[in-house]
Every structure is written in structure tokens, then in C-alpha cells.
Amino acid sequence: MHVVTTFSRQPSFMVRGIPIYGDLILSPMAGFSDLPYRLIARDFGSAMGYTEFVSVDGLLQGNEKTRRMLDFDPSEYPLSFQVFGSSEDKIVEACKMIEPLGPTIIDLNMGCSVAKVSGRGAGAALLCDPPKIGRIFSRLTKELSVPVTGKIRLGWDDKSRNYLITAKTLEDNGASLIAVHGRTKAQAYTGSADWSPIAEIKQTVKIPVIGNGDVKCVADIKRIKQQTGCDGVMIGRAAIGNPWIFSRKDRHDVTFEEKAALIRRHFSLMLDYYGKYGLILFRKHVVKYISEIRGAAAMRESFLTAETAEQFIALLEEAEVEHLVLKAA
Ligand SMILES: Cc1cc2nc3c(=O)[nH]c(=O)nc-3n(C[C@H](O)[C@H](O)[C@H](O)COP(=O)(O)O)c2cc1C
């Protein structure tokens, strides 16, 4: 008898009506979560993408470099465009302007700690004014058709950890998901991420909650999920040079051959997208890809001096041969 089995894949969570299949997500990261790397992370299992954050001022001024940061490939869907800004009117206007470009979701950054952003009332500075967050989300969710989400930190500093108020304000004003980095703005990236507030938020709101901060390895994914009950896990720094984490494989379990093949592929995507400049932009990725390889320091030195794509590939080939020799020795 021929038995037909049907597998129905359940989404891990829904962003309003949009099913998200998978619980691991590449963090939005300026300078890293660009189109080439998002394609790679998605292939390895990142369930959805976020663009690098884009300035609403830049968008409204028609800055071409800013708009280009919203380039995407339809294979990335579901994809969130992330914006940052301070003025309520400008945030709403810019989001309305970019919605027709086709994002699945629009996300507002309320976590950036960098002075250039938070010192100008954007990013984490918004956390100091929950009523303003409420007004922005109330307008965005009424004026846009796509779901609107927010990415937050725990508060401005230790004295103002207002994450529950912020989360509730977001939910009450129509947000469809909250991603939470378990640090305050004042901490920047120091100390360690505190995951217990993420658990409190998860118990307080009904919309999906994404846990984020210091998820460095596969075991951490399990720990943050167990400790917080979060619907998904966002991974930033540990995913640089290590998209394998989205396949729940740790960096040290990846072979040199796998790394070399991915370096080639990523480099080629960078050249396709950025042209010659892709070589320079790829440097920060390659140093991460090779960071745990034997002889990384010397390799790093030579990769950073390559002046053309051909030189870079020749150096990679040399490294591959050297690796074979070392392996055989
Ligand atoms: C280089 C870099 C760029 C970042 N850019 C953004 C950004 O554009 N938007 C954003 O919401 N967060 C940004 N972040 C914060 C990350 O999304 C994430 O919240 C933070 O790194 C903590 O997660 P991790 O411990 O997994 O790295 C950035 C972080 C880094 C290291």
C-alpha cells in the first residue's frame, strides 16, 4: 500500500497575519545586515530579515545612499525595513514613503545607543518618552497597511528600566511584535544582557516577543528560550562570520572547507552588489570567518592587504592549499 504523508509546517509565531517559520532571526546591524549577508543568513535558516536601520531624515531628503539600504531580494521575504528618527511627523511620513517599496513589516529602532543617534532624540532616546512612542505607533498602525513593530532596550539607564511600560504602550498602540535587547542604553554593549526582563515582557503582552542580547552559541538559544519563553531569538554579533548559528551549528563545528566555500560565495555576492568597493566592505566579514582558524593572524594580515578581487581569491586559494598541507602533516 502506498502511504502518503503530509507534513504541515507550523509557524513559530505570527506577526499580525504573517506566519514566521523558524525562531532564529538575524539582528538588524548597521554595516552587516546588508542585502548580501541577509541572503546568506536566510539560506542558513534566519526566519526573517531586518534591514540595517535607515534614517528617516535621509529618506525624506532623498538621500540615494540611504534609500539603497532598503534594496532587497524577494527571496528574503518576510523582510522588515527598520527606520530610526526622532520627529513623529517625519517617522510617519518616511514610513509611508517606503511602504510601497514592498517590505513585509516596518520596524522602528528604539534601541540604538550610539551618541550620533540617541543624542539626537532617536534610537534609545525614544524610551525616555513612552507617550511619544504611543503616538508614533498609533499613527503608524493606522496609516500603514503593513504590520509595525519595535525594537527596544530595557530603558535609558539603570534608574529608568521602563521596559514594561514601553512594551505595554507598544501593544496598546497596535505594534505587532517587540524585539528586546536585554541592556539599557547606558550599558551600550558592556556587562551582560539581562534576560529576565524579556520574560516579564513576554508575560505582560500578547504580541510576539523576540529575545536578544548575548546569544553566542547554540546552547544560549535554548537557554534564552527556556528562561524567557520568547517566541523567537535575535542574534547579532555572534552571527558575524557565523551564519551557521541559524542552522543551530556552532562556529567550532564548521570545517575550514565550509568556511572557505562560504567566504567565496559571500565575497562574490558583495562584488555583485557593491562592485569594486565590495572588496573593502568584505574585510570586516572575512576577519570574522577566519577568526578561529589555525594561522588566522597571518591569514588576516594577507587578506587585509589584497588590493583586487583577483588577489583576494588567490590568497584564499593559497590558504586552502596551506590548510591541506597542514591537514596532511
Ligand atoms: C555593528 C552593530 C550594528 C548594529 N546596528 C543596529 C541597527 O541598525 N539596528 C538595531 O536595531 N540594532 C543594531 N544593533 C544592535 C543589534 O541588533 C543587537 O540588538 C545587539 O548587538 C545585541 O545582540 P547580540 O548580543 O546578539 O549582538 C547593532 C549592533 C552592532 C554590533
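Visitor: Leaving aside its neighbours within four places in sequence, which residues is Ile 105 in contact with?
Guide: Welcome! You are looking at a predicted model, in which local features need pLDDT of at least 70, side-chain atom pairs count only at pLDDT 80 or more, and totals for chains, interfaces and linings use all residues. Numbering runs from 1 along each chain as its sequence is written, and side-chain values use heavy atoms, without hydrogens and water. With contact meaning heavy atoms within 4.5 Å, the partners of Ile 105 are Val 15, Met 48, Leu 79, Ser 80, Phe 81, Val 146, Pro 147 and Thr 149.

Visitor: Is Ile 105 buried or exposed?
Guide: Ile 105 sits in strand 7; strands (E, at least two residues) and helices (H or I, at least four) are DSSP runs numbered from the N terminus. Its relative accessibility is 1%, and the classes are buried under 20%, exposed over 50% and partly exposed in between (1.4 Å probe, protein chains only). So Ile 105 is buried.

Visitor: What separates the C-alpha atoms of Ile 105 and Leu 79?
Guide: Leu 79 is among the contacts of Ile 105. Along the chain they are 26 residues apart, while their C-alpha atoms are separated by 6.4 Å.

Visitor: Which elements do the buried residues of helix 6 pack against?
Guide: Helix 6 covers residues 130–143. Its buried residues include Ile 133, Ile 136, Phe 137 and Leu 140. They pack against helix 4, strand 8, helix 7 and the strand that holds Ile 105, strand 7.

Visitor: Are helix 10 and helix 11 roughly parallel or roughly antiparallel?
Guide: Their axes, lines fitted to C-alpha atoms over the stretch in contact, are 9 Å apart, at an angle of about 160°. Angles run from 0 to 180 degrees between N-to-C directions; under 35 is roughly parallel, over 145 roughly antiparallel, 65 to 115 roughly perpendicular and the rest oblique. Helix 10 and helix 11 are therefore roughly antiparallel.

Visitor: How many nonpolar residues has the contact of helix 10 with helix 11?
Guide: Among the residues that meet are Leu 262 and Phe 267 in helix 10, and Leu 281 and Phe 282 in helix 11. Ala, Val, Leu, Ile, Met, Phe, Trp, Tyr, Cys and Pro count as nonpolar, Asp, Glu, Lys and Arg as charged, and the others, Gly among them, as polar. The contact has one charged, three polar and, for nonpolar, 11 residues.

Visitor: How many charged residues has the contact of helix 12 with helix 13?
Guide: The axes of these helices come within 9 Å and cross at roughly 160°. Phe 303 in helix 12 and Leu 315 in helix 13 are among the residues that meet. This contact has six nonpolar and three polar residues, and the charged count is none.

Conventions:
Expected span 1.5 Å × (residues − 1).
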